[in-house]
Amino acid sequence: MSNSLSNYKKTAKKRLVTWFATVAIAITGLPVNADAPEKEDLKLGFIKLTDMVALAIAHEKGYFEDEGLYVQLEAQANWKVLYDRVASGELDGAHMLAPMPLGAATGITGSADIITPFTLSYNGAAITVSNAVWAEMKKTLPVGPDNKPVHPVSATALKPVLETWKTAGKSFNLGMTFPVGTHNYMLRYWLAAGGIHPGFYAPEKGENNGYINADALLSVVPPPQMVPTMEAGTTVGYCVGEPWNQQAVSTGLGVPVVTSENLWAGGADKVFGITRSFAEKNPNTTLRMVKALIRASHWLDDNNNANRMEAVKIIARPAYVGANEQVIANSMTGTFEFEKGDKRPVPDFNTFFRGQYGIPYYSDAIWWMTQMRRWGHISEHKPDSWYMETARQAFRPDIYVAAAKALIADGTMDAKDFPDLDAITFIKPPQKSPLDGIEYDSTNPNAYIDSFAIGLKGEQKP
């Protein structure tokens with residue numbers, strides 16, 4: 001399609017949206033899409049991971065255009081580049097690791113002021129080890145009646161392997177995607193639950209690698225580089241989202257040992273991030289972006305995930321994730337392959353709307369901050385009230401609720417698709433980790449932090 005024809009169609013559609021809005025107000029008196037977007041042409045960033053899919057669906061299904069928004073989706077090289085480009089205003093918004101807005105709110109990642117009005121995905125990460133490490137771990141793992149390793153696999157099976165490697169003088173490096181990020185904290189949680197110290201950060205001392213007291217060294221690797229880096233021998237495992245764990249299985253290089261819903265079930269994994277200044281300058285545009293993303297997430301989980309294969313075909317394109325359809329389908333359609341041929345049902349590996357609706361829950365924000373404090377990113381003890389106050393700065397369910405109510409008002413979605421939007425507290429009830437049985441209660445974050453055998457407690461500093 002030529003640029004002139006594309007621009008003509010784009011202009012015509014804008015006029016049509018405006019005309020329909022005007023007619024709707026005249027007929028019904030309701031403000032259906034009455035508040036025009038302050039900014040119509042938007043550039044949104046993403047990383048090549050399957051959990052960016054709601055952005056792709058909102059684009060491909062025309063949900064953004066239904067809101068009078070013309071969106072360009074642009075893949076970014078890594079999370080640092082993506083974060084910096086949102087902070088500087090080069091990107092209007094982006095697919096983000098859930099802790100990123102909290103890194104901004106706490107000052108850990110600098111002076112940027114980033115908020116999230118929407119959770120793009122829940123669960124969706126896994127930890128993979130190389131074949132050589134797996135072969136040693138497997139020797140001590142219990143097996144079930146099907147003669148397969150019992151899951152979730154604990155890092156207690158990794159500890160003797162790690163000690164053997166260290167005695168032999170071999171480096172034991174593991175990959176994660178961003179220091180103040182989902183995969184770093186998930187990997188640390190798993191290691192520590194198995195008695196392996198992943199190390200403390202001490203930013204006030206200039207220690208930003210997290211190596212203090214570390215038994216294993218964790219370093220940043222961009223998601224698409226996880227498999228090549230392990231193949232090169234630079235790392236012996238990693239934590240990342242999909243399809244890069246299933247890619248290790250497909251290429252015969254590694255074995256996923258645990259999926260993230262077995263560490264913290266239903267936790268926010270990726271969010272949609274924008275700067276506070278963008279939201280304040282463009283409130284209608286912000287609301288309309290969230291409306292489109294709610295529709296996309298609902299579509300992804302609708303009718304018992306009936307649309308997932310269509311979504312797989314879309315994001316397999318080079319412009320999005322750019323990976324083999326079957327590899328992407330492994331996790332997106334309710335199954336997950338561990339050791340080659342060991343494919344198990346994991347219906348909640350990735351959820352987008354079901355049960356949690358894309359709401360940015362304060363309790364999810366507080367969970368991530370407990371891990372920031374546990375490993376020293378938050379260097380000083382904070383009262384319980386501080387965690388809630390900080391969560392309220394960065395996670396903005398008020399914007400979500402306004403968008404959901406607008407979708408109900410304009411007839412696009414039904415009130416029964418959502419929880420009671422006037423009664424919801426944005427706090428999930430306490431829950432125990434399937435991995436270690438430790439209970440998380442977001443109203444008592446310090447008690448939760450103190451309950452771990454490994455990690456900072458009380459007034460401790462690294």
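Which residues of H2 are buried? They are Val 53, Ala 54, Leu 55, Ala 56, Ile 57 and Ala 58. Please keep in mind that this is a predicted model.

**Helix H2.** Buried here stands for under 20% relative accessible area. Just after H2 comes Gly 62, which takes a positive phi of about 80°.

**The sheet.** Let us turn to the strands. Six of them, in the order S2-S1-S3-S12-S4-S15, form an open sheet with mixed pairing. Strand S2 (70–75) and strand S15 (350–351) stand at the edges; each has a single partner strand, so one side of each is left without a neighbour in the sheet. Further in, strand S1 (residues 41–46) pairs with strand S3 (residues 93–97) in the parallel sense, over 2 bridges. Here you can find Leu 44 opposite Gly 93 in S3.

The table shows who takes part in the contact.

| H12 | Trp 299, Leu 300, Asp 301 and Asn 305 |
| H13 | Arg 308, Glu 310 and Ala 311 |

Sorted by class, this contact of H12 with H13 has 3 nonpolar, 1 polar and 3 charged residues.

Technical notes. Residues numbered from 1 in each chain as written. Predicted model: local features only at pLDDT ≥ 70, side-chain atom pairs only at ≥ 80, totals over all residues. Heavy atoms only, no water. Pairing = 2+ DSSP bridges. Helix = DSSP H or I, 4+ residues; strand = E, 2+ residues; numbered from the N terminus. Buried < 20%, exposed > 50% of the residue type's maximum accessible area, 1.4 Å probe, protein only. Contact = heavy atoms within 4.5 Å. Nonpolar A, V, L, I, M, F, W, Y, C, P; charged D, E, K, R; others polar.
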